[in-house]
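User: Please take me through this model. I would like the general idea of each feature, then the case here.

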Amino acid sequence: MTTTPAIEIVGLTKSYGDQAVLRGVDLSVPPGTIFALLGSNGAGKTTVVKILSTLLKPDGGTAAVNGYDVGARPEEVRESISLTGQFAAVDEILTGRENLILIAQLRHLKNHRGIADDLLVKFDLTAAAGKRVATYSGGMRRRLDIAMSLIGDPPVLFLDEPTTGLDPQSRLEVWRTVKELAGQGTTVLLTTQYLDEAEHLADRIAILHEGRIIANGTLAELKRLLPPAKVEYVEKQPSLEDIFLAIVGHGDHRPVGAQR
Amino acid sequence: MTTSVSRDTTVLLKRSLRHILRSPDTIITTAITPIAMLLLFVYVFGGAIQVGGGRYVNYLLPGVLLITVASGIAYTAFRLFTDVSGGIFERFQSMPIARSALLWGHVLTSVVANLISLVLVVLVALAMGFRSGAGVLAWLAVLGILLLFTLALTWLAVIPGLTAKSVDGVSGFSYPLIFLPFISSAFVPTAGMPGPVRWFAQHQPVTPIVNTLRNLYAEQPVGNDGWIAIVWCVGLLVVAYALAMRTYRRKMA
């Protein structure tokens, strides 16, 4: 059985003035998977996401989301997607609940309040639901931002650097949410410059470098590109992240005995 | 399609009206400069200005109303700029929302906010002795011209709202508009101005608009000024709308 790819990009090019940002990008993302687009700053990740979410017109090549061409059927593409941009796109003056209701109304759904309340519970924002978003922390904003993207259950979700600027705990929360979504059948295209994020989350990883995909595959496949691992014995030191999480008491790390 | 345009516009209009309700200072600051001008010109300079019969506050009010709109639209540009720079504009654009609703929500909000500021200024003028015996039709005509003027300047404000790189750039465009009434018949009759200045004053849009408003509530015949005022307003509106839409489409290139 063949299924339509959730995202299909062929020979995509885009320049700003005489600066070529995308020089022929090819990608195919099967439905229900997490796909990480990895690259350093300026590699063109955001440009790819903007073209896929109909915000930007490509110069050449084709891109289709959920089977709809972004140039020819933008309306259907917008019905199929949700975009969480690089910076939390929330309304600061409205409250968290009002933000969610706003998106539910704009997606022409019924039962706005019910949808908002469910998401507030799911994203642990109920206590702050009636407060203006301007008073929220960075992690709360990002959670609200992602919650807003889930309204209407779009089959394809774009997350553009979803954990940039987040503290480690919020980062883990975002990771958990993304995994849950993929478990429910949502296709997630995520861009990141953090290698561990891609390693942790993605079913497949593509590396975008200077406007081209230079590697594409599962983590295992990418690892095979390197010479076979050499066995070395190294004393395992805790990373600063391990220490931080242990001290602030998160997850299954037990508090360390500094005050014992 | 049309139903979703009006439905989406209504949702977005309600959203930005809620912004205004939560920061009423934007309406107050819009109204405060024109009110200060009313006070200054009536009680300080007014005694030295000869406008030939009638109260000076009656003479002054139309120009001050135009200044009110010119300073009010700076907030329209600011609200749009905040949406664009904060990313929520892109979120809306990536959603199945009618394209035009995104701008119309802001434009209608601008009309409502400016009407409130205009009412505030008129109330202060009434307290200062402004009187008019004009009938309902004349007042409707005044409202109509102010509405056209507001729409024209609002679509002009959409352009910096979409393109500005900083907050300063957003508000800067409104200063010349606020200044324009000073070189017109808004504060003093143009007859006393030296040749080239008088020529400019008589041929720029503010003078016919001010004269029309003034004659309407003074129950005087409007004459040619009325048509010239409407042509200016509609012309500005068409040009501003076309430029704003072009800017909007270019943002998507």
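**Confidence, contacts and packing**

Analyst: Among the elements of chain A, helix H9 (residues 240-248) of chain A has the lowest mean pLDDT, 80, and H3(A) the highest, 95. This is a predicted model, in which local features need pLDDT of at least 70, side-chain atom pairs count only at pLDDT 80 or more, and totals for chains, interfaces and linings use all residues. Residues are numbered from 1 along each chain as its sequence is written, and chains are lettered from A and ligands numbered from 1 in the order in which they are written.

User: How is pLDDT read, and where in chain A does it stay under 50?

Analyst: pLDDT is the predictor's confidence in each residue, from 0 to 100. Chain A averages 86, and 94% of its residues score at least 70. The stretch under 50 is residues 253-260 of chain A, with 6 contacts beyond four places in sequence. Contact means C-beta atoms, placed from the backbone, within 7 Å. Helices (H or I, at least four residues) and strands (E, at least two) are DSSP runs, numbered from the N terminus.

User: How many residues of chain A are in contact with chain B?

Analyst: On chain A there are 20, facing 18 residues of chain B. Helix H2 (74-80), strand E6 (81-84) and helix H3 (96-106) of chain A each give two or more residues to that side.

User: What describes the packing of H3(B) and H6(B)?

Analyst: An angle and a distance, with axes fitted to C-alpha atoms over the stretch in contact and angles from 0 to 180 degrees between N-to-C directions. Helix H3 (residues 56-86) and helix H6 (residues 136-163) of chain B pack at about 35 degrees, their axes 8 Å apart. Residues meeting there include B:Leu65 and B:Ile73 in H3(B), and B:Phe149 and B:Leu153 in H6(B).

User: Which residues touch the most other members of the largest nonpolar core?

Analyst: A nonpolar core is a set of buried Ala, Val, Leu, Ile, Met, Phe, Trp, Tyr and Cys residues joined through C-beta atoms within 7 Å. Buried means 20 or more other C-beta atoms within 10 Å, exposed 12 or fewer, and partly exposed in between, with C-beta atoms placed from the backbone. The largest core has 76 residues, and those touching the most other members include A:Ile7, A:Leu100 and A:Leu144. Beyond four places in sequence, A:Leu144 is in contact with residues including A:Val90, A:Phe123 and A:Tyr136.

User: Why is B:Val122 classed as partly exposed?

Analyst: B:Val122 is partly exposed because 17 other C-beta atoms lie within 10 Å. Its place is in helix H5 (residues 99-127) of chain B.

Key. Two residues are in contact if their C-beta atoms, placed from the backbone, lie within 7 Å.
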